[in-house]
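Subject: Structure for your review

Dear colleague,

Please find below the structure that I am handing over to you. My notes on it follow directly after it.

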Amino acid sequence: MAEQTSVEGVEHQLRGLRTRLEEKYGPLRGRIELEARVSPNLHEIGGLEKAKLEIEGLGHAFRDPALQKRWGTKTSRAILLYGPPGTGKSLLASALALRAEAALVLLRMACMLLRWQDQSPVLLRDLLNGLEGAGRVVLFLDELDALHQERLRLVTSDAARGMMFAFLLVFLDDLEYREEYLVVASTNRPDSIHPDFVRPGRFDRLIEMTLPSPEEQRVILEIHKARAEAIAGRPLFQALDYPPLLKRIEGMSGADLAEVIRRALEDKMRLEARGDRPDLVSTEDLVREAEVFRRIKVVGERIRTGQYL
Ligand SMILES: Nc1ncnc2c1ncn2[C@@H]1O[C@H](COP(=O)(O)OP(=O)(O)OP(=O)(O)O)[C@@H](O)[C@H]1O
Ligand SMILES: [Mg+2]
């Protein structure tokens, strides 16, 4: 494999590519991201010890082909992360790129199909052509199941989705000759992934993402708490009393917990803006926000799954 281009060089190339694509297709932001520098680090992801271990190994091997040769094997370069919403699939894909010292190219499949519709396959081809010479790339296909989602049939033709599908299958089949790519896909609906994607030689490493256990929830809360305090440069939370808190957040995902923290901080900001001097965030504050959020989430879930229609 060629020497990895410098991060500055890759950054420059990705910027140029973005400009060219945007001239032709309009703004990419929110649908396609091209990043030479990524975060977070694996240790900023709470829980998921088994998945993180696998990702660490795969990222390392991808970065160091000589290591693979020394052990007489080749590791997988097509990984499917599956599990409930908000469990850290996107986080893990970014952490993999960081671990592998690779650029991250993120395609939000549903948003992409919705925005570019029948142009999507051509855009994908232009994008991949433009990545030539960018060194190691983690290509992240977020929401891979979108390709076969019923609702997207309203905006994209079967032909366009068929072309995208075929394009990706061929890309996976050719990975052997594209040593600079590691492909990661994510889904929270593994039952909607086309079986051809998981044939041998295609997505051959499946990694399960699970909802956090109470102990993992505690770690996740601490991560988000520490992050907010690092940004603010001061303590924002009282010492938390975990046993009662953990009872009230049972079953919540990492994304839910991040939202609970955000809402508690938002509440403090509102008080300060009103002229009060709010206390630090307490266990009771988080319990209250968790309860409100749980109720709201049920409504969101019902809207999303069409139960109100
Ligand atoms: N294990 C975790 N540790 C720390 N934060 C987490 C974790 N899981 C989720 N989060 C928080 O939730 C946010 C959303 O997570 P992420 O986008 O990775 O979930 P996802 O599994 O990709 O969800 P979806 O299936 O909805 O795309 C993250 O940006 C982070 O703030
Ligand atoms: Mg995601």
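Domain bounds come from an automatic or database domain assignment. By that assignment, the chain is divided into domain 1 (7-208) and domain 2 (214-304). Residues are numbered from 1 along each chain as its sequence is written, while chains are lettered from A and ligands numbered from 1 in the order in which they are written. This is a predicted model, in which local features need pLDDT of at least 70, side-chain atom pairs count only at pLDDT 80 or more, and totals for chains, interfaces and linings use all residues.

**The two domains**

The centres of domain 1 and domain 2, taken over C-alpha atoms, are separated by 31 Å. Their contact takes 8 residues from domain 1 and 8 residues from domain 2; two residues are in contact if their C-beta atoms, placed from the backbone, lie within 7 Å. On the side of domain 1 that touches domain 2, there are 2 nonpolar, 5 polar and 1 charged residues. Here Ala, Val, Leu, Ile, Met, Phe, Trp, Tyr, Cys and Pro count as nonpolar, Asp, Glu, Lys and Arg as charged, and the others, Gly among them, as polar.

**Ligand 1**

Which residues are the closest to ligand 1? They are Pro85, Gly88, Lys89, Gly254 and Ala255, out of 18 residues that surround ligand 1. A residue is near a molecule or strand if its C-beta atom, placed from the backbone, lies within 6 Å of it. The shell around ligand 1 draws at least three residues from each of domain 1 and domain 2. Helix H4 (89-99), H8 and H10 each supply at least two residues of this shell; helices (H or I, at least four residues) and strands (E, at least two) are DSSP runs, numbered from the N terminus. By class, the shell has 8 nonpolar, 9 polar and 1 charged residues.

**Packed helices**

Two packed helices are described by the angle between their axes and the distance between the axes. Axes are lines fitted to C-alpha atoms, for helices over the stretch in contact, and angles run from 0 to 180 degrees between N-to-C directions.

Helix H8 (residues 214-232) and helix H10 (residues 254-273) pack at about 40 degrees, with their axes 10 Å apart. H8 and H10 are therefore oblique to each other, given that angles under 35 degrees count as roughly parallel, over 145 as roughly antiparallel, 65 to 115 as roughly perpendicular and the rest as oblique. Among the residues that meet are Ile220 and Leu221 in H8, and Leu257 and Ile261 in H10. By class, this contact has 7 nonpolar, 3 polar and 1 charged residues.

H10 also packs against helix H11 (residues 283-304): their axes come within 9 Å and cross at roughly 115 degrees. The contact of H10 with H11 has 5 nonpolar, no polar and 6 charged residues. Those that meet include Asp256, Glu259 and Arg263 in H10, and Asp285 and Glu289 in H11.

Most residues other than glycine have a negative phi, and most peptide bonds are trans. What is the peptide bond from Ser39 to Pro40, cis or trans? This bond is cis, with omega near 5 degrees. Pro40 lies in the loop between strand S1 (32-35) and helix H2 (49-63). Leu48 lies in the loop between S1 and H2 as well, and Leu48 has a positive phi of about 50 degrees although it is not a glycine.

Yours sincerely
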